[in-house]
Structure formats: structure tokens, C-alpha cells
Amino acid sequence: MSQKNLPEHVYTSSKIPDKPAPDWTRFVCVSDTHNKVNLKTYNVPEGDVLIHSGDLTEVGKLDQIKTAVDWIKSLPHKYKIVIAGNHDLTLDKPFYEESWNGFHHDKEDADEAINMVRNAGHGIVYLEDESFTIPENGYQIYGSPYTPRFYDWAFNGDRGSFLNEKWSKIPPTTHILMTHGPPSGILDLVATGENVGCVDLLQRIQEIKPLIHVFGHIHEGYGVLKKKWETENNDDIKSTIFINASSVTRRYKPQNNPIVFDLPPLN
Ligand code: 5GP
Ligand code: MN
Ligand code: MN
Ligand code: MN
Ligand code: MN
């Protein structure tokens with residue numbers, strides 16, 4: 001994706017300008033790091049807030065969760081907002097208790113995995129269908145790990161009523177929405193030519209019109225798209241910037257730069 005087509009103050013290249021002013025907030029987005037991304041393989045720009053949109057690990061083993069959390073802890077951002085993805089099996093305890101046998105040779109302790117992420121410290125904030133407001137500037141972030149069922153993975157939900165119920169919990173006041181997967185038709189194209197994103201999520205987004213929606217999951221959809229919402233009143237044009245921040249490619253190579261955006265103080 002070429003830099004010149006990007007919305008203002010959103011950057012996908014490895015060279016990023018300074019913030020427009022010191023009181024702006026710099027967000028740095030990664031996703032789908034899958035234990036392929038570490039300090040040696042992947043450069044993460046400095047900023048105020050790191051956003052990780054899930055698939056921290058290969059298959060959620062405790063040592064994989066620890067490796068991912070240790071890497072995130074080592075980054076300089078004051079806040080590190082993290083959600084899980086379908087690969088982070090142990091973070092979905094009810095699912096893991098039922099299904100561990102198909103993935104892991106030995107059963108591991110889901111509570112230990114959840115504890116490692118929730119109590120990591122170092123500014124890590126783990127969101128599972130919940131909000132976090134950045135104290136310094138009031139930006140409200142909501143995160144959810146759910147994706148439409150594809151085979152049988154963690155945090156999978158059936159399209160329709162189950163996912164509708166999940167998305168209904170997103171507060172209308174949300175500025176920055178984090179989900180693991182994309183909404184339908186937006187940075188969600190797979191090699192077979194299908195748009196596999198969530199229709200139910202798109203409907204909720206059309207109601208809420210958050211400033212920013214960050215996701216991953218469909219690795220080949222990496223990139224940025226700005227969508228202007230139709231309104232009757234031209235003075236009140238709203239838009240949403242969609243960011244698919246998948247850090248690895250479809251072949252799980254850590255080759256996609258973190259995506260950076262800067263926001264002004266809220267007034
Ligand atoms: P992951 O296994 O890391 O969650 O997703 C990796 C890849 O699997 C994606 O980049 C995409 O190619 C494929 N994938 C994930 N979810 C879906 C889905 O719902 N439908 C299809 N067709 N492919 C998917
Ligand atoms: Mn997979
Ligand atoms: Mn094993
Ligand atoms: Mn992934
Ligand atoms: Mn995924």
C-alpha cells in the first residue's frame with residue numbers, strides 16, 4: 001500500500017515523522033505476532049500506546065504466552081493494550097477445558113495463562129469484552145477477542161445471534177475499537193477471493209462509527225482504509241480509519257511494519 005494514499009497521521013512505513021505536537025498521542029499497532037515477532041526480528045517504533053489485536057502466540061502454550069508477554073513488557077510504550085485471538089487457546093478457559101486435547105499434548109493451566117497476561121504489569125492492559133480509558137487524554141478503547149467460527153478455535157462465535165450479542169456490548173462512546181478480526185468487506189479478503197470478515201460487526205460499527213478500528217486475523221489484509229460515513233448533514237461528516245495490523249504474512253513471516261497513528265487531544 002503506498003504511503004500517499006493513506007489518511008492523515010497514519011503511517012505504515014518504517015520512517016515515521018514526529019508527532020504534530022507534544023500533546024498528541026501516538027498509537028502503535030501490531031497484531032498476529034504468533035511468537036514470530038521479537039526484538040531481533042521486528043522493529044516497533046516508540047509511542048505512547050501499543051495496541052496488540054490478538055494472536056499473541058502459536059497455540060497458547062504457557063511458554064508461548066510468557067515469550068509474547070515478555071516481549072511486549074520490554075517495549076517502551078506507557079500503555080500496552082492487548083486482546084487475545086483464536087490461536088491463544090489457554091486464554092479462552094471454557095474452550096480450552098473442552099478442547100485442549102486436540103491441540104496440546106499435555107493439558108496446561110488456563111488460569112496461569114490468563115494471570116500471566118492480566119497481571120503482567122509494565123502497562124499491559126488486557127481487554128476481553130471490556131473498555132479502558134487512557135487516563136491522560138480520555139480516549140476510550142474497547143477490546144474483544146471474538147471472531148466468526150472457522151474450524152474450531154478459541155473465542156470463535158457463531159455468526160448471527162452469538163456475535164450480535166457480543167458486539168452489542170461495545171459502548172457507543174468508544175473512540176478506538178480493537179477486535180481480533182475485521183468487519184465484513186474491510187481488509188478481509190482471502191486468497192480464494194472471499195471477504196471473510198464479520199457482517200454482524202460491520203453493522204455495529206455503522207451504529208457506533210468509532211474513530212479508529214484496529215484488528216488483524218486475516219494476515220493478507222494488512223493495511224489501512226479510511227471510510228467516510230454518509231450523513232444527511234454535510235457539516236457532520238464522520239469517518240472511521242480501519243487498520244489491519246497483522247504483523248506476519250499469510251506464511252507467518254514477520255514482514256509487515258507496525259501501523260502508527262497520532263491523535264490530537266480530545267476536546
Ligand atoms: P489465523 O490462523 O492466524 O487466525 O489466521 C491465519 C490465516 O487463516 C488468515 O490470514 C486467513 O488466510 C485464514 N483464515 C482465518 N480465518 C479465516 C476465515 O474465517 N475464513 C477463511 N477462508 N480463511 C481464514
Ligand atoms: Mn491457523
Ligand atoms: Mn506437548
Ligand atoms: Mn493470526
Ligand atoms: Mn487469528
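How many salt bridges does a search of the whole structure find? The search finds 15 salt bridges. The legends below describe close-up views of this predicted model.

**Figure 1. Helix H1 and its span.** Helix H1 comprises twelve residues, 62–73.

**Figure 2. The buried residues of helix H1 and what covers them.** Seen in this view are the buried residues of H1: Leu62, Gln64, Ile65, Ala68, Val69, Trp71 and Ile72. An α-helix has 3.6 residues a turn, so residues three or four places apart point the same way. Several elements cover the buried residues of H1, including strands E2 (25–30), E3 (49–52), E4 (79–82) and E5 (124–126). Helix H3 (110–118) is also among the elements that cover these residues.

**Figure 3. The salt bridge between Asp111 and Lys93.** Side chains of opposite charge can pair when their charged atoms come close. Asp111 and Lys93 form a salt bridge, with 3.0 Å between the closest N and O atoms. This pair links distant parts of the chain, since Asp111 lies in helix H3 and Lys93 in helix H2 (residues 93–99), 18 residues apart. Asp111 counts as partly exposed because its relative accessibility is 41%, between the limits of 20% and 50%. Lys93 has a relative accessible area of 30% and is therefore partly exposed as well.

**Figure 4. The salt bridge between Lys107 and Glu97.** The closest N and O atoms of Lys107 and Glu97 are 2.7 Å apart, and the two residues form a salt bridge. Distant parts of the chain are again linked: Lys107 belongs to the loop between H2 and H3, Glu97 belongs to helix H2, and the two are ten residues apart. With a relative accessibility of 41%, Lys107 counts as partly exposed. Glu97, at 36% relative accessibility, also counts as partly exposed.

**Figure 5. A network of salt bridges around Arg149.** Which residues are linked with Arg149 in a network of salt bridges? The network links Arg149 with Asp152 and Asp158. In the salt bridge between Arg149 and Asp152, the closest N and O atoms are 3.4 Å apart. Arg149 is partly exposed, because its relative accessibility is 40%. Asp152 has a relative accessibility of 42% and so counts as partly exposed.

How values were computed:
Residues are numbered from 1 along each chain as its sequence is written. Chains are lettered from A and ligands numbered from 1 in the order in which they are written. This is a predicted model: local features need pLDDT of at least 70, side-chain atom pairs count only at pLDDT 80 or more; totals for chains, interfaces and linings use all residues. Side-chain values use heavy atoms; hydrogens and water are left out. Helices (H or I, at least four residues) and strands (E, at least two) are DSSP runs, numbered from the N terminus. The expected span of a helix is 1.5 Å times one less than its number of residues. Buried means under 20% relative accessible area, exposed over 50%, partly exposed in between (1.4 Å probe, protein chains only). Contact means heavy atoms within 4.5 Å. A salt bridge is a side-chain nitrogen of Lys or Arg within 4 Å of a carboxyl oxygen of Asp or Glu.
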